[in-house]
Amino acid sequence: MGLQDHSIGMFQVWDYVVFACLFVVSSGIGVFFAVKERKKVSSREFLVGGREMTCGPVALSLTASFMSAVTVIGAPSDVYRFGASYVIFGIAYMFVVILTAELFLPVFYRSGITSTYEYLELRFCKAVRVAATLIYMVQTILYTGVVVYAPALALNQVTKFNLWGSIIATGVVCTFYCTLGGLKAVVWSDAFQMVVMVVGFLTVLVQGSDRSGGIVAVWKTAQAGDRLKVFDFDPSPLRRHTFWTVTIGGMFTWLGIYGVNQSTIQRCISCRTENHARWALYLNLVGLWMILLCAVVSGLIMYAFYSDCDPWTAGYISAPDQLMPYFVLDILGSFPGLPGLFVACAFSGTLSTVAASINALATVTYEDFVSQCCRDISSRAATWISKALCVVFGVACTSMAVAASSMGAIVQAALSIHGMCGGPMLGLFSLGILFPFINSKGAIGGLMLGTALSFWVGGGAFIHPASPNYTRPLSLSTQNCTPLNTTSAAFTPTPLLLSTPDSSERSVVAESWYSMSYLHYSTVGFLATVIGGLLFTLLTGPSKPQEVKPGLIRPVCDLFCFCSEKYRHFCWCGVNHAEEKVDFDAMEFGTAWENYPDQDKITKSTNGKKQSYTLQDEAYTNAAFVPDISRPISVKNVTAGKNNQ
């Protein structure tokens, strides 16, 4: 094989046209729903789509929001450098979706909440709700800014695509259709962007495999380069990607930002029924597997294409994240419009993530702060406040992307914050749902402990990066590259054989605790929060069973139909689990708390024949919705459930 030239094509007029179409269509969807729903002015309609969505578009929206531009550009680069072990994330995704659909979704959906953090006040106290909301807001704004900036920078340095133009356009377009169309516009825009992502990936797969000699040749080259060694069962938590690290650590990482994340749950509770929401999650799993497979195969094709001339080592590009855009221009540069299609694919992931974040931030801010301070807000005023919040957070996320340009290496730390915050949040919700006896002090203590430990390990890893002995990047060749201004080495040595120069000077903490795989940050936060919550509750005394509403908990025994009544009674810790048998699907959405009065307000006469119920004087009502005072509160279902025992 001859020397490979490093020159590639540039963006042409048709590429810009294709890319611009993405923004035009996304904005058009926002305008469409603004006109279509102009007579529906309630905040319920704006924030959760009136609870009318079906499983199809919600599933596409979940997948598009889950797979940001970081996945489109970063995952193939990871496979290129470290091998196809990235595909094991498919197992983690399966566990994440199953746990979300069967454990967390029923509690959130049946409660009739709009913000997931409303649950924390219902289950614990307002202080827990406020703390969790603030953590989520900071985490989401910071992460969203990086999601916008990182792919824009990679594309700019390879394609010379205008950096600030793409960042500002992304922020403006997302804010525009979020503000005009609300959640419905976000969901349908995500569905369109998901299609664009798949088409962009398929274009790269077809042309890339053809230029690499076919899929069989790609497979052989990848096998020769050790890229197909997928299953590494090394139990060490210090290794970057092994079967156990990706399966267990990846599950906790993505469950923290998926199972209890506002942007995900908000889409699920926008579905018309709980079954629609559950089907949306399982259909979304198919989409996740599809995108994951496309990303992994793209990375293998890219390695086969550059097996004799790695553009990163040769100095053609300055960072691994630029590999995918460089590869696309290399193989598609002669086809006007196709490079633009891939850029549209990458920015579809960005748009969907940013739109989901803006809508979720507006929702939690309104539900957890505005509606709590101003309870007598009219429906029209609530809608306009929600739209104003979308504008505010759109500007905040775009500004964060601009600020990220001056952060340097701190960008890496910002990307890790999702994992460091997600673990403690997952632990906090798990304490409330799985353990009926946990009290508010245990929840706050566990959250503080989990957050402290996860930020300790994450921050320490940023200051003291793990050595190549733990990350183990695979070898890359430059033997057929055209030299730039200096002579390039013919072959880069395998990092496995290298040792960190200062390894003898590194402390024990740096070599063990700080060298932990980044996927285990969430695991550390989750375990610390749960264990801390249990210990603090043990020291301060468990909560009283009559203080816990049955609909707020879902012990593990509820996931298994074969559990005996005795075991169920033990797991529910004295909470009256008989009320859990009420058929929620037969109720009007959001009436669960009206049909589930506090247990200490339910009294029975000694003869067992007459029952009287005194409902809460201040029953929980979702502040985002205008209460329907004309509908009488019914306890018929609860009474029937009691009489059937």
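Predicted model: local features only at pLDDT ≥ 70, side-chain atom pairs only at ≥ 80, totals over all residues.
I'm counting two rings of Phe, Tyr or Trp as a pair if their centres lie within 6.5 Å, taking the six-membered ring for Trp.

**Aromatics.** With that cut-off I get 21 aromatic pairs in the structure. I looked up F243 and W244 and found them edge-to-face, 5.0 Å centre to centre with 85 degrees between the planes. F243 is buried at 14% relative accessibility, while W244 comes out partly exposed at 39%. Next I checked F435 with F437, which is also an edge-to-face pair: 6.0 Å between centres, planes at 70 degrees. Here F435 is partly exposed at 24%, and F437 is partly exposed at 27%. I also noted one aromatic cluster made up of F108, Y117, Y119, Y136 and F429.

**Charges over rings.** I found the charged end of R227 over the ring of Y303, 4.0 Å from its centre. K387 puts its charged end over the ring of W384, at 5.2 Å from the centre.

**Core.** The largest nonpolar core runs to 151 residues. Y93, F104, Y119, L120, F327 and F429 have the most contacts inside it. I followed up F327: skipping neighbours within four places in sequence, it touches V204, G208, I301, M302, F305 and Y306.

**Cysteines.** How many disulfides are there? I count 0. C268 is buried at 0% relative accessible area, whereas C125 is partly exposed at 22%.

Technical notes: Residues numbered from 1 in each chain as written. Heavy atoms only, no water. Core = buried A, V, L, I, M, F, W, Y, C linked by side-chain atoms within 4.5 Å. Buried < 20%, exposed > 50% of the residue type's maximum accessible area, 1.4 Å probe, protein only. Contact = heavy atoms within 4.5 Å. Disulfide = S-S within 2.5 Å. Phe/Tyr/Trp six-rings, centres within 6.5 Å; stacked < 30°, edge-to-face > 60°. Lys NZ or Arg CZ within 6 Å of the ring centre and 35° of its normal.
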